[in-house]
Amino acid sequence: MLGLFFLLFNLGIAYSDFFKYHLRWFITAVALQRYRGKGASELITIKKYVRAESLEQAYQLNQKRSNRILGGMLWMKMSSNTVQCAIDLSDVISREIDEREDSFVIGAMTPLRELETNKSLNQYTCGAIRESLRSIVGIQFRNTATVGGSVYGRFGFSDVLTMLLALDTSVQLYRGGIVPLETYANMPYDNDIIVNIIIKKTPLKTAYMSSRNTRTDFPVLACAISFYKDEQRVVIGARPQKAMIIRADENVQKLIDSEAEVYAQALAGQVKREVLTSSNMRGSAEYRRHLAYVLTKRASLHILDPKEAGIC
Amino acid sequence: MLIKMWLNGKAVRAHIKSDTLLLDFVREQGCKSVKYGCDTANCGLCTVMLEGEPVLSCSTLAARVEGKHVVTLEGLQDEAREFGEFLADQGADQCGYCNPGFIMNILAMMKELDDPTDDEIKEYLAGNLCRCSGFVGQMRSIRNYIKSKKEGRHAAEESA
């Protein structure tokens, strides 16, 4: 009886070892396969390319989950997904900035480089738009990437989203109408189409700063601020999550007529307390929190103290 | 699918797949100067001119250039040779793999900026990576190239 027990026990060990050994290799093999699948040379697969002839056609095509709208395709290209039908909006959505009396209407297909070099837009933002875009990889990249793609993506690392959230920006959707960017940024990814990005010419002062480990890398932290009458807005992006807005609270607002340094410090202090950050390969949550303080202070001084400002 | 486009001034008609990248397409058409370096749209080696603007051919679908004009280094031989001599004078290139994309973007810069400063040059060329060098030789050669262009312009104006 005892012999039988030991026999079974040993067999059990042997079996479990055998199982563990093979399970380990099986897991490794699956992991390797997945890694290879997402590896460097694996790019997106597109079964069919359609150049939309109307927004309605594009909208209808976009209702299918496996279909995708093409922006600049820079981020999308690097996924290993299979897209049944890639929808090109080049013929139906503008790639120009239309300046109107009270706003800038920017076609969703406008390349980032157009925003960077647009004189009126940069005059309105005291060069902040240019500052927010100039470190995104390179000229060729920014000639290819579209503002619609950046806004739709609502990427955590996005300089574009961070900057636009500091302005009076709305998103014009084909079916959903005009939605404030602040609302759009927190909406789930849907199947609507961004037609235009509208920046109202609200008289505000704005500045943009970011901290990067290397010149053209994603930001470790991005900071856009805007001061408008009773609202002082600080947008912190690349936290590394999606940009969040922090508005100056009553205690900070009370100091608006104090010296620039005092006010900037108070605002930066509030941001440091309220900003939600986390860690990744580019920086720790704590370091980001510190950067949020420093960049908010510097950007505030950039606006408030003309000596510090340079451009404004 | 069939596309018709202009490559270095010549009309090209070819069958492509829906996801053929412009980079692969122009290489298939014999423009081997266009290289693929990084896989992440960061290195600038694949730079081509699309309607006169430098773009990344690694991130552009060939299908999207239907009816458009694409120019690679093969179509800019004279300009490339002119700058190439300045680059060689400084011994700036080592393996040379990044040169075509680099030269394409310098030619784009010369069209867009008149007498750029060092900072403007660095900013314009930030999307062109060279892994052999520290860009110092390249900067020297660009400065000399700009200087020679300016002198050429002055001489032309004076003689006129």
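Predicted model: local features only at pLDDT ≥ 70, side-chain atom pairs only at ≥ 80, totals over all residues.

User: What average pLDDT does chain B have?

Analyst: The average pLDDT of chain B is 94, and 100% of its residues score at least 70.

User: And which elements of chain B have the lowest and the highest mean pLDDT?

Analyst: Among the elements of chain B, the lowest mean pLDDT, 90, belongs to helix 5 (residues 136–159), while the highest, 98, belongs to strand 5 (residues 69–71).

User: OK, how many helices and strands are in chain B?

Analyst: Chain B has five helices and five strands, and if you read along the sequence they follow the pattern β-β-α-β-β-β-α-α-α-α. The radius of gyration of chain B is 17 Å, close to the 15 Å that the globule rule gives for 160 residues, so chain B is as compact as a globular protein of that length. Along its principal axes, the C-alpha trace of chain B spans about 50 × 40 × 25 Å.

User: How much of chain B is buried?

Analyst: Of the 160 residues in chain B, 40% are buried. As for contacts in chain B with a separation of 6 or more, 60% of them are between residues 24 or more positions apart.

User: What domains does the assignment give for chain B?

Analyst: The domain assignment gives domain 1 (2–75) and domain 2 (77–159) of chain B, and the C-alpha centres of these two domains lie 22 Å apart. Where they meet, 15 residues of domain 1 of chain B are in contact with 13 residues of domain 2 of chain B.

User: Which element gives the most to the domain 1 side of that?

Analyst: On the side of domain 1 of chain B that touches domain 2 of chain B, strand 3 (residues 47–50) of chain B gives the most, with three residues. By class, that side of domain 1 of chain B has eight nonpolar, five polar and two charged residues.

User: Switching topic: how many residues from chain A and chain B take part in the contact?

Analyst: The contact between the chains takes 26 residues from chain A and 24 residues from chain B. On the chain A side, the elements that give two or more residues are strand 1 (45–51), strand 3 (82–88) and helix 6 (139–144) of chain A. The residues of that side of chain A divide into eleven nonpolar, nine polar and six charged.

User: What is Thr45(A) in contact with?

Analyst: Thr45(A) is found in strand 1 of chain A, and leaving aside its neighbours within four places in sequence, Thr45(A) is in contact with Thr82(A), Val83(A) and Asp19(B).

User: Is Thr45(A) exposed, partly exposed or buried, and why?

Analyst: Thr45(A) counts as partly exposed, because it has 14 C-beta neighbours inside 10 Å.

User: Which residues touch the most other members of the largest nonpolar core?

Analyst: That core has 126 residues, and those touching the most other members are Cys223(A), Ala224(A), Ile236(A) and Val48(B). Domain 1 (2–75) and domain 2 (77–159) of chain B both give residues to this core, so it lies between them. Leaving aside neighbours within four places in sequence, the contacts of Ile236(A) include Leu221(A), Cys223(A) and Val271(A).

User: Why is helix 8 of chain A largely enclosed?

Analyst: Eight of the eight residues of helix 8 (residues 159–166) of chain A are buried, so this helix is largely enclosed by the rest of the structure. Among those buried residues are Asp159(A), Leu161(A) and Met163(A).

User: Last one: where do I find a cis peptide bond, and which residues have a positive phi without being glycine?

Analyst: The peptide bond from Arg239(A) to Pro240(A) is cis, with omega near 15°, and Pro240(A) is in the loop between strand 11 (231–237) and strand 12 (244–247) of chain A. Residues with a positive phi that are not glycine include Arg154(A), at about 45°, and Lys229(A), near 40°. Arg154(A) is found in the loop between helix 7 (147–153) and helix 8 of chain A, whereas Lys229(A) lies in the loop between strand 10 (219–228) and strand 11 of chain A. With 17 C-beta neighbours inside 10 Å, Arg154(A) counts as partly exposed, while Lys229(A), with 8 C-beta neighbours inside 10 Å, counts as exposed.

Key
Residues numbered from 1 in each chain as written. Chains lettered and ligands numbered in written order. pLDDT = per-residue confidence, 0-100. Helix = DSSP H or I, 4+ residues; strand = E, 2+ residues; numbered from the N terminus. Domains from an automatic or database assignment. Contact = placed C-beta atoms within 7 Å. Nonpolar A, V, L, I, M, F, W, Y, C, P; charged D, E, K, R; others polar. Buried ≥ 20, exposed ≤ 12 C-beta atoms within 10 Å, placed from the backbone. Core = buried A, V, L, I, M, F, W, Y, C linked by C-beta atoms within 7 Å. Rg over C-alpha atoms; globule rule 2.2 N^0.38 Å.
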